[in-house]
Amino acid sequence: MAAAKEDIYPKRILEYMEGFMMSKTLFVACELGVFDHLHASGRPLTAEEVAQELGTSKDGTERLLSACVGLELLSAQSDETGRVVYSNAEMSSMFLTKSSPRSLYHSIEYNSNTIYLCWRYLTDAIREGTNQYERAFGISSKDLFKALYRSEEEMVKFMQLMNSIWNICGQDVISAFNLSQFRSICDLGGCSGALAKQCVSIYPTCKVTIFDLPEVVRVCRDHFLSEENERILLHEGDFFNDDLPEADLYILARILHDWTDDRCIDLLNKVYQACRPGGGVLVIESLLYEDDSGPLSAQLYTLNMLVQTEGRERKASEYTHLLDAAGFRDTHVHMTGKLYHSILARKMTE
Ligand SMILES: C[S@@+](CC[C@H](N)C(=O)[O-])C[C@H]1O[C@@H](n2cnc3c(N)ncnc32)[C@H](O)[C@@H]1O
């Protein structure tokens, strides 16, 4: 039987082929401040008004706003004089404006200015099996975080990227297990302190130490911990080479996915040694399904880990294996239904 006409129209392939145009439209509208301006104006605006405020061309702005309507980021309607006016969709005001507590603005900015450039060399990454900092930015990635933190500005941007996703997923990963029994928590590679803040707000008796490289700790203190909180402490160090502070629980959020299995085991061995008996480790990562069928987000993230890091995304069983190799037992996995999930493992008392 001949295929029906709609069956031979490759809708999905066309969408994938042109998917980068959607990403770039979102990036540009965010970076130019379209959503911030429409939010601040408090009334729908014409393309001309938006262009005037942003200092952009009327024609270009009209096309950009129209594409944002197609992406359902904006809505368009005719005003009483027949002019087309634009306003933010609810999700745009909530997630795309800089000042929103749930803002993804900094994730979008980093995707646009760094990740997008690395992905240009995805073919090379797959051929060579290595990240593409050298090609994308002309810098060696022998020391991965030296490359990522190639200037203070880049470091702040990376930290804002890390911070931003926890605006929407942080509470889920920290409350996936009841952590109230752990009084002292050490967030290894705690970066901007977003998860430390979640811990102290969810568990009223815990103290959290943010452990990170010295320059990151300094930026965290200056840029991200605006209010002093005596339950959040800072500790400068290198988790591969320095002693780890003693704690009941160690958090490793998006740390293991940066590194090879061997380096993960080295780090987990150190965590195991430092951990109090009866304590544990909370691994927070995006997880691939056991049968390789998805989810697409983790499948794309593992490509991203290839172009950007030394690591990979893994399956829950692979993390369990790494934890087991370091001595941790009684491993439980909690899928949150969002991008990141939690795995809790224990150091048994003898
Ligand atoms: C991918 S980020 C994850 C940040 C944070 N845990 C989160 O999920 O938002 C990796 C973190 O590990 C830190 N890091 C990398 N190498 C480190 C080392 N040798 N010692 C301590 N921290 C390190 C980085 O500075 C960065 O904050």
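The crossing of helix α2 and helix α5 is left-handed. I start with that pair; please keep in mind that this is a predicted model. Helix α2 runs over residues 19–32, and its axis lies 10 Å from that of α5, at an angle of about 120°. That angle makes α2 oblique to α5. On the α2 side, the contact is made by Thr-25, Val-28, Ala-29 and Leu-32, and on the α5 side by Leu-64, Ala-67 and Cys-68. Sorted by class, the residues of this contact are 6 nonpolar and 1 polar, with no charged residue.

Now α5 again, with another partner. Helix α5 covers residues 58–70, and helix α4 covers residues 47–54. These two pack with their axes 9 Å apart, at an angle of about 115°. The crossing of α4 and α5 is right-handed. Which residues meet here? From α4 they are Ala-47, Glu-48, Val-50 and Ala-51, and from α5 they are Lys-58, Thr-61, Glu-62 and Leu-65. The contact of α4 with α5 divides into 4 nonpolar, 1 polar and 3 charged residues.

The side chains of Arg-63 and Asp-59 meet in it, at 2.9 Å from N to O. Side chains of opposite charge can pair when their charged atoms come close. Arg-63 and Asp-59 are 4 residues apart in helix α5, so about one helical turn separates them. How many salt bridges are there in the whole structure? A search finds 16.

Next, the other neighbour of α4. Helix α3 takes in residues 34–41, and its axis comes within 11 Å of the axis of α4. The two axes cross at roughly 110°, which means that α3 is roughly perpendicular to α4. This crossing, of α3 and α4, is right-handed. Val-34, His-37 and Leu-38 of α3 meet Glu-49, Val-50, Glu-53 and Leu-54 of α4. By class, there are 4 nonpolar, 1 polar and 2 charged residues in the contact of α3 with α4. Val-50 of α4 is one of the residues that meet α3, and Val-50 is also one of those that meet α5.

Now the annotations. An unreviewed UniProt entry gives residues 14–97 as "domain: O-methyltransferase dimerisation". In the model, that span is 63% helix and 12% strand, and its end C-alpha atoms lie 30 Å apart. The unreviewed UniProt entry also places "domain: O-methyltransferase C-terminal" at residues 119–329. For residues 119–329, the model has 47% helix and 18% strand, with the end C-alpha atoms 38 Å apart.

Where is Arg-254 found? Arg-254 sits in the loop between β6, residues 247–253, and α14, residues 261–274. Its phi is positive, about 55°, although Arg-254 is not a glycine. The other detail is a peptide bond: from Gly-294 to Pro-295 the bond is cis, with omega near -15°. Pro-295 lies in the loop between β8, residues 287–288, and α15, residues 296–308.

To recap the helix part: α2 with α5 is left-handed, α4 with α5 is right-handed, and α3 with α4 is right-handed.

Terms used:
Residues numbered from 1 in each chain as written. Predicted model: local features only at pLDDT ≥ 70, side-chain atom pairs only at ≥ 80, totals over all residues. Heavy atoms only, no water. Axes fitted to C-alpha atoms, helices over the stretch in contact; angles between N-to-C directions. Left-handed = near helix turned anticlockwise from the far one by under 90°. Contact = heavy atoms within 4.5 Å. Nonpolar A, V, L, I, M, F, W, Y, C, P; charged D, E, K, R; others polar. UniProt positions renumbered as here; feature names shortened; annotations may be inferred. Parallel < 35°, antiparallel > 145°, perpendicular 65-115°, else oblique. Salt bridge = Lys/Arg side-chain N within 4 Å of Asp/Glu carboxyl O.
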